[in-house]
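Could you look over this entry with me before we discuss it? My notes are set out as numbered points for someone who has not seen it before.

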Amino acid sequence: MANMRFAVGLRRLIPFLGYHHVLMILIAAGIILLSLLLAGCSSTSPGIPNIFLISLYYQNYPPSFNPAQVDPGVTTAIANVVGQAQLEVRVGYFGICINPDGGSFLCSNNVSSLASQVSVDQDPLNLIWVASTFKDSIVFPYLIIVAIVLAFICFILLATFPGWHEETDERGSERDVKPFPSRPVSQIALALIFVASVFVLVSVLWQHTASVAASTIAQDLGNGSVKSGVGTTAMILGWFGFALFIIVTIGLLVMILSISLLDRLTDD
């Protein structure tokens, strides 16, 4: 009985869902994804330490040799310094997580407090400091923050679009009517979500390029003792957020062009 009531209620609701409601849902999803991206490594909440831009960790493995290496034997010296260290450092936009001994992660935006909880033997090559330098000097989260704000304003503008309502025609019968949204409001919303999409694209490209470059350099410097990786979850969140904003941009553009075409046909 409850399922039947839900189905009936859903059938009544679907016809009153407008085109702009779908766009609003996509914007909300994009904002959530980008917010999760920014929240990565900011706390020890479940799943948050797994959202990182780059990770650095100690691990013994056969070093790679190349004729360009002036002193290939330095890998042995580095291995002796590292010893049995197994610390892992993960970097997010606003925080850093460390795992000193393979247990649970410790996360904070205060690097000094994290370093004070680790002994010299656990981080002999100062990976926490290297990760902090990467976060402070290379990571730039403010484009994404501005993009989220612009997308939220666009969401509010879309919420002002008229929906379905009943009107009485000349014959006295009621009918469902949905007026066209304001053209200036539609154009402002399009401009906002377009700029937000560009900001997210620039930020995600920056994030991807910087993370891959830093990861490669760090692993080469710690050849045989230090490994690094790029956060797959962070990349997915960033690119999916960009894709959702682009879909909304295209959807608004198609809507504006369609309304303009209908106005011309009506005038003719």
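1. Basis of the note. This is a predicted model, in which local features need pLDDT of at least 70 and side-chain atom pairs count only at pLDDT 80 or more, while totals for chains, interfaces and linings use all residues. Residues are numbered from 1 along each chain as its sequence is written, and side-chain values use heavy atoms, with hydrogens and water left out.

2. The chain as a whole. The secondary structure comes to eight helices and seven strands, where helices (H or I, at least four residues) and strands (E, at least two) are DSSP runs numbered from the N terminus. Of the 268 residues in the protein chain, 39% are buried; buried means under 20% relative accessible area, exposed over 50%, and partly exposed in between, with a 1.4 Å probe and protein chains only. Among contacts (heavy atoms within 4.5 Å) with a separation of 6 or more, 76% are between residues 24 or more positions apart.

3. The pair α2 and α6. Helix α6, residues 142–159, has 18 residues and spans 26 Å from its first C-alpha to its last, close to the 26 Å expected at 1.5 Å a residue, the expected span being 1.5 Å times one less than the number of residues. The axes of α2 and α6 come within 10 Å and cross at roughly 160°; axes here are lines fitted to C-alpha atoms, for helices over the stretch in contact, and angles run from 0 to 180 degrees between N-to-C directions. The two helices are therefore roughly antiparallel, a label for angles over 145 degrees, with under 35 counting as roughly parallel, 65 to 115 as roughly perpendicular and the rest as oblique. Residues of α2 that meet α6 include Ile-27, Ile-31 and Leu-37, and their partners in α6 include Ile-144, Cys-154 and Leu-158. Buried residues of α6 include Ile-144, Ala-151, Cys-154 and Leu-158.

4. Leu-37. This residue is found in helix α2, residues 19–39, and is buried, with a relative accessible area of 1%. Leaving out residues up to four places away in sequence, Leu-37 touches Ile-51, Tyr-93, Ile-144, Gln-207, Ala-234, Leu-237 and Gly-238.

5. The nonpolar cores. A nonpolar core is a set of buried Ala, Val, Leu, Ile, Met, Phe, Trp, Tyr and Cys residues joined through side-chain atoms within 4.5 Å. The largest has 57 residues, and those touching the most other members are Ile-27, Val-89, Cys-154, Leu-158, Ile-193, Phe-245 and Leu-252. A second, separate core of five residues includes Cys-41, Phe-52, Cys-97 and Cys-107.

6. Two residues with positive phi. Most residues other than glycine have a negative phi. Cys-41, although not a glycine, has a positive phi of about 65°; Cys-41 sits in the loop between α2 and β1 (54–58) and is buried, with a relative accessible area of 0%. Asn-126, also not a glycine, has a positive phi of about 60°; Asn-126 lies in the loop between α4 (111–116) and α5 and, at 43% relative accessibility, counts as partly exposed.

7. Two serines. Is Ser-225 buried or exposed? Ser-225, in the loop between α7 (183–221) and β7 (226–230), is buried, with a relative accessible area of 0%. Ser-132, in helix α5 (residues 127–137), is buried at a relative accessible area of 10% and, leaving aside neighbours within four places in sequence, is in contact with Ile-96 and Val-111.
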